[in-house]
There are 2 protein chains.
Amino acid sequence: MQHTNATGFGVETGSLSWPTGFRAYTGHGGLRDQGDDISVVASDRPAVSAAMFTRSLFAGPAVVLSRAHAAGRELRAVTTLAQNANVATGRQGEANAAEVVGRVAALLGIDDRQVLIGSTGVIGRPLPMDTIRAHFDGAAGLGPGAFGAGPLDVARAMMTTDTRPKTAVRTVGAARIVGVAKGVGMLEPNMATMLAYLFTDAELPPDDLDTALRTAVDRTFHCLSVDTDTSTSDTVAVLANGAAGPVGTAEFTAALTDLCLDLTRQLASDGEGATKLLRVTAGRARDEAQARRIAKSVVNSPLVKTAVHGADPNWGRVVMAIGKNTEDRDITPDRVTVAFGGIEVYPEEPTPETLDALTDAMRQPEVAITLTLGLGTAEATVYGCDLSAGYVRVNADYTT
Amino acid sequence: MQHTNATGFGVETGSLSWPTGFRAYTGHGGLRDQGDDISVVASDRPAVSAAMFTRSLFAGPAVVLSRAHAAGRELRAVTTLAQNANVATGRQGEANAAEVVGRVAALLGIDDRQVLIGSTGVIGRPLPMDTIRAHFDGAAGLGPGAFGAGPLDVARAMMTTDTRPKTAVRTVGAARIVGVAKGVGMLEPNMATMLAYLFTDAELPPDDLDTALRTAVDRTFHCLSVDTDTSTSDTVAVLANGAAGPVGTAEFTAALTDLCLDLTRQLASDGEGATKLLRVTAGRARDEAQARRIAKSVVNSPLVKTAVHGADPNWGRVVMAIGKNTEDRDITPDRVTVAFGGIEVYPEEPTPETLDALTDAMRQPEVAITLTLGLGTAEATVYGCDLSAGYVRVNADYTT
């Protein structure tokens with residue numbers, strides 16, 4: 001079923017399928033005790049591609065290899081290993097990543113350089129190559145019929161500490177865009193998010209696709225922070241196989257941005273230990289960079305995050321988080337306003353009549369903090385989540 | 001009793017007293033339900049002073065007033081209000097801070113401009129001036145004999161969510177330096193820490209005292225981070241009344257630095273929810289700024305902090321936290337080493353023989369992470385604490 005969402009883009013309900021010409025496969029490669037942990041999404045024809053990767057100095061072999069392959073701008077498949085990041089694993093880690101890529105290429109009868117590989121999970125552990133090899137030996141006997149996995153299956157096979165799979169779809173003209181993503185912690189993407197793959201049957205020139213991706217990512221994944229920690233594995237890629245014919249670039253960019261925002265919100269709400277989505281908008285800033293810097297400072301403040309967790313409209317912590325940006329000397333307390341859920345709390349205190357509404361707003365699954373700086377017209381919105389004891393629980397003994 | 005500590009400075013045990021010529025007073029001004037919440041430390045003669053304050057854009061009236069008074073470099077008294085930061089309280093907040101200063105000056109028979117005022121606690125609440133006035137009305141009838149409070153009493157009266165008072169003492173020649181401090185959360189000092197007051201009977205020229213303070217703070221409080229949040233109230237001040245005669249500036253600076261390091265460690269171990277002190281040393285860096293930036297990135301990483309909480313030697317998170325400093329492009333994974341408690345974990349994995357020692361090191365009340373970058377000779381050490389569910393508990397409903 002298809003309908004139009006609030007922003008005017010076609011979305012779909014019901015069982016989600018791939019865009020024309022894409023198919024997928026998931027299986028168990030022994031990376032975790034049970035459940036599928038290897039996935040492959042492939043296009044049955046060459047696809048134009050664009051990709052962005054983590055800027056971490058410790059980017060893993062999967063990122064290094066994928067960056068080289070993505071430079072060719074023509075990818076046919078994306079494979080993902082869950083549970084193990086294969087990062088800081090030395091020369092053997094590089095060889096292992098290359099071997100997995102070779103296995104996937106052989107399975108599909110395509111060139112190694114047409115395969116993108118993603119790998120997330122524990123850092124510093126060698127991949128279990130024995131079970132991975134056994135898995136691909138078995139898969140080699142399967143025909144194309146084995147490629148019956150849908151986007152939800154793939155999103156599930158990509159999960160690590162994610163509590164739910166993340167998928168989204170938008171239509172643009174005759175074409176569709178389907179996205180799958182994962183990521184819960186170590187999540188303040190820098191140039192891309194943990195893993196987000198976007199597949200479309202739209203036809204676009206490579207440069208336009210690249211620009212569309214950069215535009216979309218800048219306004220979505222780059223505005224996301226769960227815990228200020230940038231992953232060593234962040235990857236976002238889009239594959240466009242053209243099966244549905246050409247679409248307008250502007251229209252495509254808008255749909256892609258809307259879809260990425262959908263995934264960004266799903267990632268934020270499923271942040272490790274998160275019980276609430278936190279959306280911070282900084283308005284009336286001097287420029288967009290300032291707006292984003294201030295909004296990020298608020299969304300990342302552990303004191304703001306814990307206050308939101310406790311449903312406490314503690315605006316003092318919001319002004320503190322604005323105030324610690326000591327390079328923004330043009331920000332002065334007398335021009336700043338702060339609102340929770342649309343109800344101003346600073347400098348005007350909430351009236352007794354609005355107190356109930358304020359309490360109610362703080363208890364919603366999505367809490368909005370809106371602040372204005374009184375300096376200009378620029379605005380930015382960023383996404384994060386509250387900080388709960390659950391975050392500590394998940395992370396205090398993840399490897400042991 | 002006096003003895004010499006490991007770094008060669010005289011420290012004292014037993015009941016702590018003020019340096020010659022200082023006395024103090026604490027009382028209950030209704031800022032909290034029970035317990036002393038107002039303190040005054042005064043010198044019976046003019047004292048040379050130096051001070052540093054928060055760089056927060058939302059610095060409160062206490063900081064604004066104190067900054068003006070400290071510019072005179074001759075302070076006679078320091079007063080502190082606990083539990084209420086008197087920040088973002090508008091013109092009334094400014095008037096209230098000035099009134100408290102005036103009351104303290106009248107009590108001591110000194111000039112308003114010789115009084116430094118500190119105020120920490122909740123942001124955005126007016127001071128309870130009725131009970132504060134009643135308190136000073138009562139205190140006005142007291143003679144100098146009422147000024148019998150010791151450093152521990154003052155440190156206690158300054159506490160907010162601190163679980164223990166922080167004091168330290170060092171001797172330098174015939175003089176002594178006594179410090180009191182408070183601070184547990186909203187604690188990544190920028191130009192000074194929450195509240196740290198240093199009193200000495202040493203005699204020093206104002207410029208030397210100022211330089212000594214800046215040198216000491218740069219190597220101690222500036223290397224502390226509990227939660228990346230910079231307070232609106234940070235203040236550190238030193239008063240030197242000269243009662244013990246002149247001392248060498250170099251010797252004084254070294255003793256002051258050692259004392260401030262002592263207080264810094266006390267602040268880190270009593271960080272909100274902290275169960276462990278975390279000490280991160282980055283060595284073989286290009287320059288000191290890089291060493292400090294990398295060490296801070298590790299000590300502030302929520303994933304490193306939770307791993308330390310769980311006694312998990314998860315070095316993968318340490319390399320992640322190094323790697324997210326994407327401007328340090330000269331850092332390469334093949335030159336980096338990481339050790340926990342002196343036991344290398346990357347790139348050499350711990351041997352089975354050292355595994356027990358590693359587990360043991362992770363369970364100590366102080367955990368040391370040492371990393372080297374292989375680029376130069378600079379080094380920096382920073383202090384923080386683990387991240388526990390206790391931090392969330394303390395902060396999820398602090399005002400409600």
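## Sheets, helices and a cross-chain crossing

Helix α11 of chain A and helix α8 of chain B cross in the right-handed sense (a crossing is right-handed if the near helix is turned clockwise from the far one by less than a right angle, and left-handed if anticlockwise). Welcome to a short tour of a predicted model, in which local features need pLDDT of at least 70, side-chain atom pairs count only at pLDDT 80 or more, and totals for chains, interfaces and linings use all residues. Residues are numbered from 1 along each chain as its sequence is written, chains are lettered from A and ligands numbered from 1 in the order in which they are written, and side-chain values use heavy atoms, with hydrogens and water left out. Helices (H or I, at least four residues) and strands (E, at least two) are DSSP runs, numbered from the N terminus.

**Where the two chains meet**

- The axes of α11(A), residues 389-396, and α8(B) come within 8 Å and cross at roughly 70 degrees; axes are lines fitted to C-alpha atoms, for helices over the stretch in contact, and angles run from 0 to 180 degrees between N-to-C directions.
- That angle makes α11(A) roughly perpendicular to α8(B) (65 to 115 degrees counts as roughly perpendicular, under 35 as roughly parallel, over 145 as roughly antiparallel and the rest as oblique).
- On the chain A side, Tyr391(A), Val392(A), Asn395(A) and Ala396(A) meet Pro302(B), Leu303(B), Thr306(B), Ala307(B) and His309(B) of α8(B), where contact means heavy atoms within 4.5 Å.
- By class, these residues of α11(A) and α8(B) divide into 6 nonpolar, 3 polar and no charged (Ala, Val, Leu, Ile, Met, Phe, Trp, Tyr, Cys and Pro count as nonpolar, Asp, Glu, Lys and Arg as charged, and the others, Gly among them, as polar).

**The α8-α9 pair in chain B**

- Two packed helices are described by the angle between their axes and the distance between the axes.
- For α8(B), residues 302-309, and α9(B), residues 315-323, the angle is about 160 degrees and the axes lie 9 Å apart.
- α8(B) and α9(B) are therefore roughly antiparallel to each other, and α8(B) passes α9(B) in a left-handed crossing.
- Leu303(B), Val304(B), Thr306(B) and Ala307(B) of α8(B) make the contact with Arg317(B), Val318(B), Met320(B) and Ala321(B) of α9(B).
- This contact of α8(B) with α9(B) has 6 nonpolar, 1 polar and 1 charged residues.
- Met320(B), in helix α9 of chain B, is buried, with a relative accessible area of 0% (buried means under 20% relative accessible area, exposed over 50%, partly exposed in between, using a 1.4 Å probe and protein chains only).
- The C-alpha atoms of Met320(B) and Val304(B) are 9.3 Å apart, although 16 residues separate the two along the chain.

**The five-stranded sheet of chain A**

- An open sheet of 5 strands in chain A runs in the order β13-β12-β14-β11-β15, with mixed pairing; two strands pair if DSSP finds at least two bridges between them.
- Its edge strands, each pairing on one side only, are β13 (343-346) and β15 (378-385) of chain A, and the twist averages 25 degrees from one strand to the next.
- Strand β11(A), residues 277-285, and β15(A) run antiparallel, joined by 7 bridges, and Ala282(A) has Ala380(A) as its bridge partner in β15(A).
- Helix α7(A), residues 288-300, lies across β11, β14 and β15 of chain A at about 25 degrees to β15(A), while α8(A), residues 302-309, touches β11, β14 and β15 of chain A and makes about 135 degrees with the direction of β14(A).
- β12(A), residues 337-340, pairs with β13(A) in the antiparallel sense over 3 bridges, with Val338(A) partnered by Tyr346(A).
- The hairpin of β12(A) and β13(A) has 2 residues between the strands, and there Gly341(A) takes a positive phi near 55 degrees.

**Strands and helices in chain B**

- Chain B also has an open sheet of 5 strands, in the order β13-β12-β14-β11-β15 and with mixed pairing.
- In chain B, 4 bridges join the antiparallel strands β12 (residues 337-340) and β14 (residues 366-372), and Thr337(B) stands opposite Thr372(B).
- Helix α6(B), residues 249-269, lies across β11, β14 and β15 of chain B at about 45 degrees to β15(B), whereas α9(B) lies across β12, β13 and β14 of chain B at about 135 degrees to β12(B).
- Elsewhere in the chain, 5 of the 6 residues of β3(B), residues 22-27, are buried, so this strand is largely enclosed by the rest of the structure.
- β3(B) pairs with β4(B), residues 38-53, in the antiparallel sense over 6 bridges, and Gly27(B) stands opposite Ile38(B).
- Thr79(B), in strand β5 of chain B, counts as buried at 0% relative accessibility, and its contacts beyond four places in sequence include Ile38(B), Val104(B) and Tyr197(B).
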